[in-house]
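Me: I would like to learn how to read charged patches and aromatic pairs in a protein model. Please take one feature at a time.

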Amino acid sequence: MFDIQEELKKLPDSPGVYMHKDAFGQIIYVGKAISLRRRVRQYFQSPKNQTPKVRRMVEDIREFEYITCGTEMEALILECNLIKKYSPYYNILLRDDKTYPYIKLTLAEDYPRILKTRKIVSDGSRYFGPYTDAGAVNTIIDLLNDFYCLKRCTATEFGPGFAPCLNYHIHRCPGVCQGNVSKDVYRAAIEQVTEFLQGKNRDMEGQMREKMEKASEEMNFEEAAVWRDHLLAIEAVTQKQRVVLSHPENIDIILMTQGLSGIHAVLFTVREGKLSGRENFFLGDAVPGSREEICSAFIRQYYFDNVMIPKEIMVASLPDDSALLEDWLSQRRGSKVSLLVPERGEKRALMELVRKDVNEMLKDIDERTRRQLEKEQAVRSGLASFLGPAMAENVHRIESFDISHINGVDAVGGMVVFYDGRPLKQAYRRFKIKTVEGPDDTGSMMEVLFRRFRQALDGAAGFTELPDLILMDGGLGQVHACQAVLNALKLSIPVAGMVKDDKHRTRAVIYNDQEYDLKDRRELYAYMGTIQEEVHRFAIDYHHRLRGKEMTRSVLDSIPGIGEKRRIALLSHFGSIEAIRKADAQQLAEAPGMNLAVAENVRTYFAKQEEKTKPKGPLPDADPAGA
């Protein structure tokens, strides 16, 4: 058994990283220290001087581990890596690059593209971000692609006879594959895109207005409307930009704030002397430490992956390890980076400006949080009407299931998860029905449920967390099917069924074979309806995707040695399946990416197909009487 007091005596007086663990051995907090002995001991001294969040964390600590480092800088880097690896509950957790998108310019290509990505790769591309608003990223990319008429396809080499894609034919691509644009002209457009993404003040508004007016004069009102919408978007952005500094400096401003919704880090970007953006990062509500400590942790996580580090970062108050952070940031940037608290002049005025903006933002967030909490309480009260108050209070994770097929063909199952009233999309799961034939919804549902909970019992990744309540998209039959599966697996989870009306909306809930009407429980009615629509949408979407793949599958996919690239190359080179069928092996081998061995496979395949279609034996003579 781990004896905390005894282990504290063994701690070294050296830099390192410590990891607190709970009763299940899970890492709940990772921290760095100049002296492991002094820092770790502080958690287990008198709780009178500790914040409520620290006391809450200490109550969960059952053991700790540590790793010694040569310097505090090594400890800082190791801490960042361990936080990303273990995602401890009490650390601030910025969603990783699988969630926050970047804008990527593929500069290593002759004709670069602009696209959204969630992963940084050392491939010669340039990255901008991360951004918390994926919708805004999509809008920016569409705007820049349309305005500068950039290449959108993934092709990088254009051989003789290369067929242009649909974007070229609908005038959304300049046709670089046809040699219509020189590299110098195209690169000039990419340079303007780069400057726009850097926040520099280029007057796109005037150019867009000219395009809009020209399209309107030519009676091309659809194109004019597109430029009008882009113009409105640019105006909305430029209205937020204010010249706040007399010199064209690049600065980040970081403010920590806390309200009803929890702790937030708000990052303002100043580019070329203009306040050009604001990002809000929710850090959780159980993060221990002072604002300065939380600010330091945010800086370490945010700039650990971010390739855009400015020369100055302004904060409300300096963290204790500000000198270490400056050294670390300077190493990552390759030149001096300063952390500062502005005390006078225009930078102090700028700090006051953004502080007021953060206060207003927090009021809006807290008001939305208050309304959300009221809705959650109303939903919980509705759940208590059939589950009972004690059980309803412990319902956080709800899972719902649905089946989709066409007469039993391509049958699939969908599982959606709602956690504390909100969809948890990373926990959604899809199932392709394997053991049931024909339109058997109940049998298909039992297969899906069995596979889902069997994997949970086996400890399969992504399935281990069990729901507090299961909602079946169906009546009593589906509820009984689910209970039969749970009984077979010896699991005890409450199951309710959503009963639909004539308009396919959930009108009641079945629980313990008793029906509970929802007409007088408005919030629960809306919540159940949302879950029902979501699981139905999710299952149907998967079914449509499978059907679409089957319908677009080519006969070439059945030939050994033919993958997606060779299939596309053959179709581009010959133009049709019929032309490929008629070509000899030598002609096939001349297509891009082909060789003689694979060409022989193609000839063999079509020869066998032709053999199968030949009539067996002589055709019978026609009856002279026509009978």
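This is a predicted model: local features need pLDDT of at least 70, side-chain atom pairs count only at pLDDT 80 or more; totals for chains, interfaces and linings use all residues.

Me: Which helix gives the most to the negative patch?

Reply: Helix H8, residues 204-217, gives the most, with 3 residues. Glu-210 is found in this helix, H8.

Me: Is Glu-210 buried or exposed?

Reply: The cut-off for exposed is over 50% relative accessible area. Glu-210 has 58%, so Glu-210 is exposed.

Me: Now the rings. How many aromatic pairs does the count come to?

Reply: Two rings pair if their centres lie within 6.5 Å. By this rule the model has 18 aromatic pairs. One of them joins Phe-418 and Tyr-527, with 6.0 Å from centre to centre and 85 degrees between the planes. Planes over 60 degrees apart count as edge-to-face, and the pair of Phe-418 and Tyr-527 is edge-to-face.

Me: Where in the chain do Phe-418 and Tyr-527 lie?

Reply: Phe-418 belongs to strand S13 (residues 409-419) and Tyr-527 to helix H16 (residues 522-552). The two are 109 residues apart, and their pair links distant parts of the chain.

Me: Why does Phe-418 count as buried, and why does Tyr-527?

Reply: Buried means under 20% relative accessible area. Phe-418 counts as buried because its relative accessibility is 3%; Tyr-527 does so at 11%.

Me: Which residues form one aromatic cluster?

Reply: Phe-281, Phe-298, Tyr-302 and Tyr-303 form one cluster.

Definitions and conventions: Residues are numbered from 1 along each chain as its sequence is written. Side-chain values use heavy atoms; hydrogens and water are left out. Helices (H or I, at least four residues) and strands (E, at least two) are DSSP runs, numbered from the N terminus. Buried means under 20% relative accessible area, exposed over 50%, partly exposed in between (1.4 Å probe, protein chains only). Rings of Phe, Tyr and Trp (its six-membered ring) pair if their centres lie within 6.5 Å; planes under 30 degrees apart count as stacked, over 60 as edge-to-face and the rest as tilted.
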